[in-house]
Structure formats: C-alpha cells, structure tokens
Amino acid sequence: MSKSTGRGLQAGALGTFDTVVMAVAGSAPAYSLAATTAVLFGAVGLAGPAALLYCAIPMLGIALAFSRLSRIDVNAGASYSWVGRTLHPFLGFISGWALVVSATIFMVAGSLPAGSMTLALFDKDLADDTALASVVGAGWFLLMLLVVLGGARLTVRAQLLMSGVELVILAVFAVLALLHSDNARTFDWSWLGFGHFDGLSGFAAGALVAAFYYWGWDVACNLSEETRNSRRTTGLAGLIGIGIVFLLFLVFTIAVNIVLSTRQIEENGADVLAVLGDEIWPGWGGKLIVAAVMLSTIATLETTLIQVTRSLFAMGRDRTMPAALGRVHRRWNTPWVAIAVVGAVALAMFVAANTLGSVGDILSDAISAIGLQIAVYYGLAGLAAVVAYRGMLLRSPGHFLLGGVWPLLGSLFMFWIFVESLGELSVTAVAIGVGGLAVGLVPMLWYWQRGSDYYRPDRLDATRAIASDYTPDGHAAAVSRSHEGLSTDF
C-alpha cells in the first residue's frame with residue numbers, strides 16, 4: 001500500500017497548564033460523583049471512600065506507565081500504539097478498541113445526564129423524562145462536537161470556562177461540608193478500611209466502579225501530538241489530574257456518608273449530589289451543585305470526544321480502521337472524518353436510548369460496562385510500560401519501583417477486578433462490556449489480512465528509543481518515525 005505525505009494535527013497548540021486542565025476535566029469530578037456515588041454505595045455501602053482510596057494506588061501505577069510510555073512514543077493513539085509496539089499488535093488494537101467502545105458508550109451515559117441536569121435547573125420533574133433529556137443532551141453533544149472540530153486551542157478555552165466554574169463550586173461545597181453540623185452519621189475511620197466490603201468479590205465490584213470515577217485523565221496522552229514538550233508534559237498532567245480528582249472524590253464521598261442517610265442515597269440515585277447540596281446549603285445548594293454537574297458533564301463529553309476521535313485518527317492513519325478516519329481538516333487541523341463518524345454513531349445511540357428505560361437504569365449498566373473496558377486497556381498499558389522499560393529496571397531503585405513494580409501491580413489489579421467482577425455484574429452490563437470488545441475482532445482481523453504496517457511494528461524499547469521527528473515548536477513533520485512512516489492525511 002502506498003504511503004503519502006499529509007497534514008498532521010496542530011503541533012504545539014497546548015501547554016502544561018492546558019493539559020492539566022484537560023486531565024482534570026477528563027475525570028469529570030462533579031459528573032463522576034453525581035452519576036456514580038449511588039452506584040458505588042449500592043456496590044459497597046459505606047466503604048465507598050475505601051474503594052476510591054485503594055483503587056487510586058494502582059491507578060497511580062497506570063498513570064506512571066502512561067507517563068513513561070509517552071516519553072518514548074508520541075502518538076495520538078496512546079495505549080493503542082504502545083501496547084501494539086511492546087506486547088503484540090493484536091493486543092494493541094484491542095486496547096485502542098476498548099477505549100473507542102467505552103467512550104462511545106459514554107456518549108449516551110454522559111449526554112443523558114447533561115440533558116437531565118439542564119432540565120432540572122428549570123423543572124425537576126422534567127429531568128426524569130428520558131426522551132426530553134436525550135434531545136437536550138444531544139444538543140449539548142452537538143455543541144461539543146463543533147468545539148472539538150474547531151481545534152485544540154478552542155477546546156481548551158471552553159474547558160477553562162466550564163471546569164473552572166465547576167471546580168470553584170465543588171471547592172466551596174467541600175468547605176461547607178466540613179462545617180455542616182446536622183449529620184446523619186458520625187465520621188468513622190472504618191470507612192477507609194476493608195471491614196465494610198463483602199469479601200474479595202465485593203471489593204472488586206467497588207473497585208470497578210471506582211475505576212470509572214478516575215477514567216479520563218489519560219486524555220492528555222491522546223493530545224500528545226498537539227502538546228508542546230509532550231514527552232514530559234502529558235504524563236505529568238495525568239499524574240497531577242489524578243491527584244486533584246482523588247482529593248475531591250474522597251472528600252465528597254465521605255461527605256455523602258456523613259450528611260445523607262442510607263434511604264436518601266438509595267432513593268435519589270443520579271440526584272444524590274443535588275440532595276447533598278440541598279442538605280448543606282438549603283435553597284441554593286442543590287441548584288449550584290446541579291449547575292456544577294451539568295458543566296462537568298458537558299466538559300467531559302468534550303474530553304471523551306477528544307479521546308475517541310484521536311484514537312480513531314491514529315487507527316485510520318495506521319490503516320487498522322478505514323483510512324478516511326486519518327484525514328485532517330485543512331483549516332482546523334482536526335480529524336474531521338473521525339469526529340463526524342463519532343457524532344453520527346452517538347446520535348443513533350441517543351435514539352436507541354429512549355427504548356432502554358430510565359436515565360438511572362441506563363447509567364448503572366453503562367458505568368459497569370465501561371469499567372470492564374477501562375480495566376482492559378489500562379491493564380495492557382501497565383504491562384506495556386514494564387516491557388518497554390525492562391532493560392532499565394535494575395539501573396536504580398527509582399526505575400525498579402516507578403517503571404516496574406508499581407505499573408505491574410496496577411496492571412494486575414486492573415485484570416483482577418475485570419475477572420472478579422464478571423460474576424457480580426448484570427447480564428446486560430457484561431454483554432455490553434465484553435460484547436463490545438469482541439466486536440473489535442472483526443476490523444482487527446480484516447485489516448491484519450490486508451497487510452497494515454501496524455501489524456509489523458518497530459518494537460518499542462526504552463533503551464534504544466528511536467528519536468522522533470515530532471517537533472514541539474509548532475512545526476511538526478508530516479511523517480515521523482513515531483508514526484512508523486505513515487502519513488497523517490489521506
């Protein structure tokens with residue numbers, strides 16, 4: 001198959017602060033708390049803070065893996081490229097496909113609450129209308145689609161506005177929660193221990209939900225081709241992002257345990273954060289929290305679109321998916337075909353969502369299914385980092401711990417919660433999660449037979465990492481060795 005030079009993404013568009021903002025927004029603090037707290041409580045009860053704490057430790061190992069891999073391979077596909085060049089191209093494709101499927105499912109799991117929260121600001125009863133929430137959510141989704149199409153700089157400017165307001169509101173309520181006196185329970189240190197888990201399977205179920213909380217920080221790595229000094233910046237942004245959202249998640253989950261009764265948590269589902277706001281600040285509290293959740297949901301729709309479209313762009317460029325997905329808009333330097341395809345698929349799913357039940361039902365199964373797919377591609381990336389740096393692990397204690405032990409433990413943890421959770425989840429969640437991965441075998445085998453260069457990779461090894469032609473000063477080469485000589489536009 002012939003190779004041609006073409007246009008790449010807009011190199012040097014983002015700086016360190018921009019990528020940190022994107023990493024925090026990717027994890028969507030307010031949305032994750034609103035959509036997932038009741039699900040987490042249903043899985044582990046009062047042990048929610050413990051699940052978040054003990055999932056954060058291996059998640060940091062995965063973030064370290066992403067950080068180290070991004071230093072030696074700058075690629076918009078991130079784990080798709082790294083896993084393919086270290087473990088096996090088939091595993092690399094499945095890693096990329098897991099992100100694509102989980103992000104696409106999220107278009108419904110995220111857009112429905114965006115519509116629901118918008119309606120709740122005007123009339124709480126309207127928020128339960130799935131059809132109307134789908135229409136409003138689709139409107140927000142289309143707006144974010146246009147923002148992402150407009151380029152990385154426009155995307156970050158929108159994020160600064162939305163995430164800035166969201167984080168200010170959350171910070172105010174974190175302080176008010178500490179000062180709140182009319183509580184349902186007294187703080188108990190056992191909430192941070194293992195005593196409330198129902199055995200290993202119960203802990204695994206909680207950890208799977210906790211993984212969904214954190215998911216999204218790695219969007220910084222998908223923006224690596226558009227980031228200045230990305231070999232250092234993208235990994236650092238992911239680590240800082242995890243640290244910030246971990247503190248927010250822990251504070252608010254403890255606040256829910258203290259302020260709200262079991263009945264309030266179980267009865268309010270996706271509205272649990274709004275109820276917490278009303279309890280802490282009667283009158284205005286619930287409205288402000290709903291506004292924060294709405295902004296967070298819209299913001300994470302944007303970062304998820306970035307992840308899925310950059311991943312599809314990398315796949316199209318490598319010809320492991322239709323080559324048209326690798327096309328870049330000549331004015332905005334964005335993968336416009338990938339953006340259009342994702343938009344069309346998501347809108348079709350919005351229509352289908354109206355037949356699936358309530359917003360709460362859709363969220364519960366979608367979160368669990370996405371958790372399974374997250375565990376797969378995070379786990380594979382952790383292993384990839386160990387393999388890529390295997391020749392350097394014994395050079396120093398730092399290399400051994402940060403490049404070997406911690407990423408490996410993070411990887412094993414992700415695989416363990418995947419296997420352990422299969423028996424605990426609903427049939428629907430497992431079918432969506434595992435079935436979505438299985439569908440990826442079709443394009444993988446098809447393009448493997450057609451001879452894509454991706455399936456004949458230049459192996460990634462930290463000890464002999466090939467210097468990339470990628471330049472962070474805004475003048476990227478059309479073809480670089482980090483992309484294995486494949487053009488970026490067709």
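# A chat about patches, salt bridges and buried charges

Visitor: Hi! Which residues form a nonpolar patch on the surface?
Guide: V168, V172, W281 and W284 do, and together they have about 430 Å² of accessible area. Patches are built from residues with over 30% relative accessible area and no salt bridge, joining nonpolar side chains (Val, Leu, Ile, Met, Phe, Trp, Tyr) within 5 Å and like charges within 9 Å. Accessible areas come from the Shrake-Rupley method with a 1.4 Å probe, and for residues only the protein chains shown count as cover.

Visitor: Before we go on, what sort of model is this?
Guide: This is a predicted model, where local features need pLDDT of at least 70, side-chain atom pairs count only at pLDDT 80 or more, and totals for chains, interfaces and linings use all residues. Residues are numbered from 1 along each chain as its sequence is written, and side-chain values use heavy atoms, with hydrogens and water left out.

Visitor: Thanks. Back to V168: where is it, and is it buried or exposed?
Guide: V168 sits in helix α7, and it counts as exposed at 54% relative accessibility. The cut-offs are under 20% relative accessible area for buried, over 50% for exposed, and partly exposed in between (1.4 Å probe, protein chains only). Helices (H or I, at least four residues) and strands (E, at least two) are DSSP runs, numbered from the N terminus.

Visitor: And charge? Which residues gather in a patch of negative charge?
Guide: D123, D125, D128 and D129 gather in one on the surface. Asp and Glu count as negative and Lys and Arg as positive, while His and the chain ends are not counted. For distances, the place of a charge is taken as NZ of Lys, CZ of Arg, CG of Asp or CD of Glu.

Visitor: Where's D129 in that picture?
Guide: D129 belongs to the loop between α5 (89-120) and α6 (130-149). Its relative accessible area is 35%, so D129 is partly exposed.

Visitor: Switching to salt bridges: how many are there?
Guide: The count comes to five, taking a salt bridge as a side-chain nitrogen of Lys or Arg within 4 Å of a carboxyl oxygen of Asp or Glu.

Visitor: What does R85 pair with?
Guide: R85 meets D458 in a salt bridge, at 3.9 Å from N to O. R85 is in helix α4 and D458 in the segment after α18, so this pair ties together parts that are 373 residues apart in sequence. R85 is buried at 5% relative accessibility, whereas D458 is partly exposed at 29%. There is also a network of salt bridges linking D73, R85 and D458.

Visitor: Now E225 and E226. Which side chains do they bridge to?
Guide: E225 forms a salt bridge with R317 at 2.9 Å, N to O. E225 is in the loop between α9 (219-222) and α10, and R317 in helix α13, so the pair ties together parts that are 92 residues apart in sequence. Both E225 and R317 are buried. E226 forms a salt bridge with R310, with the closest N and O atoms 2.8 Å apart.

Visitor: Is E226 buried or exposed?
Guide: E226 is buried, with a relative accessible area of 0%, and R310 counts as buried at 0% too.

Visitor: Which buried charge has no salt bridge?
Guide: D18 is one: the nearest side chain of opposite charge, R228, is 4.7 Å away. D18 lies in helix α1 (residues 16-27) and, leaving aside neighbours within four places in sequence, is in contact with A13 and V156.

Visitor: Last topic, backbone angles. What is the phi of A78?
Guide: A78 has a positive phi of about 50° although it is not a glycine. Most residues other than glycine have a negative phi. A78 is in the loop between α3 (48-72) and α4 (79-86) and is buried at 2% relative accessibility. R319 also has a positive phi, near 60°, and is found in the loop between α13 and α14 (336-353).

Note on methods. Contact = heavy atoms within 4.5 Å.
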